[in-house]
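Please open the model in a viewer and keep the selection panel at hand.

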Amino acid sequence: MAGFLEYVPGESLLHRMNPVAKLACALILSVACFCTGNLVFLLGVVVLDLALAASCSMTRQALGLARAVAAFSAVLALIALLTTPEGAVLAPLPWGYVGTGSVLAAVRIIVRLVACAVPLFLVMYVTQMNDLANALVKMAHVPYRYAFTFTSTVHFIPVFMNDMAGIMEAQTARGVEFDGSFAKRLRLMAPLCVPLLVSSVRKTNSAAIAAEVRGFNLRTAASGYKTYPMAARDWAALAACVLVLAAAIALSALGM
Amino acid sequence: MIEFRNVSASYDGELPVLRDVSLTIPDGDFVAFAGTNGAGKSTTMRLINGLLKPTSGEVLLDGVPTTALRTSEVARKVGFLFQNPDRQICQPTVREELLFGFTAVGEGGPDAEACVDAMIEAFGFDADAEPFLLNRGTRQLLALASIIVREPDVVVLDEPTTGLDYRECAKVMEAVGRLNAAGATVVMVCHDMEVVGDYARRVIAMTAGTVVDDGPTFKVLRRPETLRRAHLLPPQVTEVSMLLGADPALAGTAVARADTLDEMAAAVAALASEAARAAARERAALGACAPMGGE
Ligand SMILES: Nc1ncnc2c1ncn2[C@@H]1O[C@H](COP(=O)(O)OP(=O)(O)O)[C@@H](O)[C@H]1O
Ligand SMILES: [Mg+2]
């Protein structure tokens, strides 16, 4: 069973694209989302995201991610809603009012974060971390130690989540109830950070030692056997993303 | 009493991990689950304490299905030791860790403190030590102690001795044995058949989510079909006894039945004295014949 942010093998176009091109495309799309606040444009990017996810049979994961990001950004949206007194008055507040503009600002925050986050996460699902690291080292001349730090951090996310689930299970078996109010849950989960931290430090420490003894320091850009050539499809995808970015810049320049 | 009635279970709702398992564990029993990795032993343990609910069939604790119980209610009755003690230990000192079992279910108080102090005394713990700085065996012992300090009716142990050295293993198992002698039901998963042979009264062998054999420890560990299907090696004494017993010319029936070192020693001694007596009889017979041969 594949977990959160874990590579899902496949043969789709996105799977076969150059790792660095994929990452660059995702970054360009994300930047585009912050160049304009045009809601139609942002919704268009969300649709594009979902179409991309569907093209590599990752719709379920993408929807799950979108939901998680939306829930997370809901807090920010709420703040915006209460602190952006714009447009026609809908409800008065002691310090201002909630207006149509406030609602738009709140919706914009959620849609923007979903639109820019999904492609970045999608990259993780369709790219093997090793390939991404090696390609970054070879093509973008990123020093291997940074590429390694990045990929192992991402790699450890599901491991930590699995650890946390195991720790909560062990405490549940002792009779701790993790349901109830948010405050109560927080109070119950706080002491569990200790075992999580201990297991994390143990793991990272042994990973570091293992890397060290296998000659981590000797590794250079020339050490990788696999090469990562850019194919026509990679250039085409990059061009398409740049066009999207240009559209975003144009929209904001036109004040739309 | 723990009862499985035609239990099937799955983690993702599709792939069955346990298939149509039925078994009964009466109060006070000492049962070991054996089988290869992935056979579904840990899953069975999770079903017992309600962390996992069956997809079909029923798991009953004293007649009540686990689906009708909250996990915290089950936790009062069933103590559960996970394979990795570090997932369980979460308090800053040994004493607080032992107390946590009570406070987690809202039973803290002077009685609980008295139990904890008795446990610290019995296991020889350093009450103020930082649990994560203890060595692996002591952490395992602490995890076990913080489960059994509440004297649950049932203790479920998932591989309690894996990764321990011989002395640590003996310490853990002696504590478990005492608990069972005091009346608690013990259910454990164990890969070490020497430990199983020494402590368990009953063995349930599993393969690929099904029970392939269930019975008294040495009956199960002597069935070649079970050993083959569940990929088990019997304890060494039993294996030697089976090898010797397989050839009637090699050994007497006592050797073929021996499952403990004492039984084996007694059987071999009996065999030796039998051989000595036979030799003496032969010499006597030869001696009686000698004058006739001399004629
Ligand atoms: N949390 C889980 N999620 C999904 N599958 C699991 C999980 N835990 C175990 N499994 C699967 O269930 C099967 C039985 O596992 P388990 O009960 O742990 O076996 P055992 O303890 O006998 O080694 C294995 O195939 C394993 O991959
Ligand atoms: Mg297991």
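How many residue pairs are in polar contact between chain A and chain B? The count is 8 residue pairs, both residues being at pLDDT 80 or more; a polar contact is a pair of N or O atoms within 3.5 Å, where within protein one must be able to donate a hydrogen and the other to accept it, and residues adjacent in sequence count only if both atoms are side-chain atoms.

This is a predicted model, in which local features need pLDDT of at least 70 and side-chain atom pairs count only at pLDDT 80 or more, while totals for chains, interfaces and linings use all residues. Residues are numbered from 1 along each chain as its sequence is written, chains are lettered from A and ligands numbered from 1 in the order in which they are written, and side-chain values use heavy atoms, with hydrogens and water left out.

**Stop 1: the side of chain A that touches chain B**

Select helix H7 (144-173) and helix H9 (193-213) of chain A; each supplies at least two residues of the side that touches chain B. Helices (H or I, at least four residues) and strands (E, at least two) are DSSP runs, numbered from the N terminus. H7(A) provides the largest share of that side, 9 residues. By class, the side of chain A has 9 nonpolar residues (Ala, Val, Leu, Ile, Met, Phe, Trp, Tyr, Cys and Pro), 6 charged (Asp, Glu, Lys and Arg) and 5 polar (the others, Gly among them).

Now show both partners. The contact (heavy atoms within 4.5 Å) takes 20 residues from chain A and 26 residues from chain B. The two chains bury about 1900 Å² between them, 53% of it on carbon and sulfur atoms; buried area is the accessible area (1.4 Å probe) that two parts lose on being put together, summed over both. In chain A, the residues that lose the most area to chain B are A:Glu169, A:Ala173 and A:Arg174, together 35% of what that side buries.

**Stop 2: salt bridges across the interface**

Across this interface there are 4 salt bridges, each a side-chain nitrogen of Lys or Arg within 4 Å of a carboxyl oxygen of Asp or Glu. Display B:Arg46 and A:Glu169, whose side chains meet at 2.7 Å, N to O. B:Arg46 lies in helix H1 (residues 41-48) of chain B and A:Glu169 in helix H7 of chain A, so the pair joins two chains. Next select A:Arg202 and B:Asp86, where the closest N and O atoms are 2.8 Å apart. A:Arg202 belongs to helix H9 of chain A, and B:Asp86 to the loop between strand S6 (78-81) and helix H3 (94-104) of chain B.

**Stop 3: chain A**

Chain A contains 10 helices and 2 strands. Strand S1 (residues 89-93) and strand S2 (residues 96-99) of chain A run antiparallel and are joined by 4 bridges; two strands pair if DSSP finds at least two bridges between them. A hairpin connects S1(A) to S2(A) through 2 residues.

The unreviewed UniProt entry annotates residues 20-52, 64-83, 103-126 and 235-254 of chain A as "transmembrane region"; such annotations may be inferred rather than shown by experiment, and positions are in the numbering used here, with feature names shortened. Select residues 235-254: the span is 95% helix, and its end C-alpha atoms lie 28 Å apart. For residues 20-52, the chain is 91% helix and the end C-alpha atoms are 17 Å apart.

**Stop 4: the sheet of chain B**

Finally, select the open sheet of 4 strands in chain B, ordered S2-S1-S4-S5 with antiparallel pairing. Its edge strands are S2 (16-25) and S5 (64-65), each pairing on one side only.
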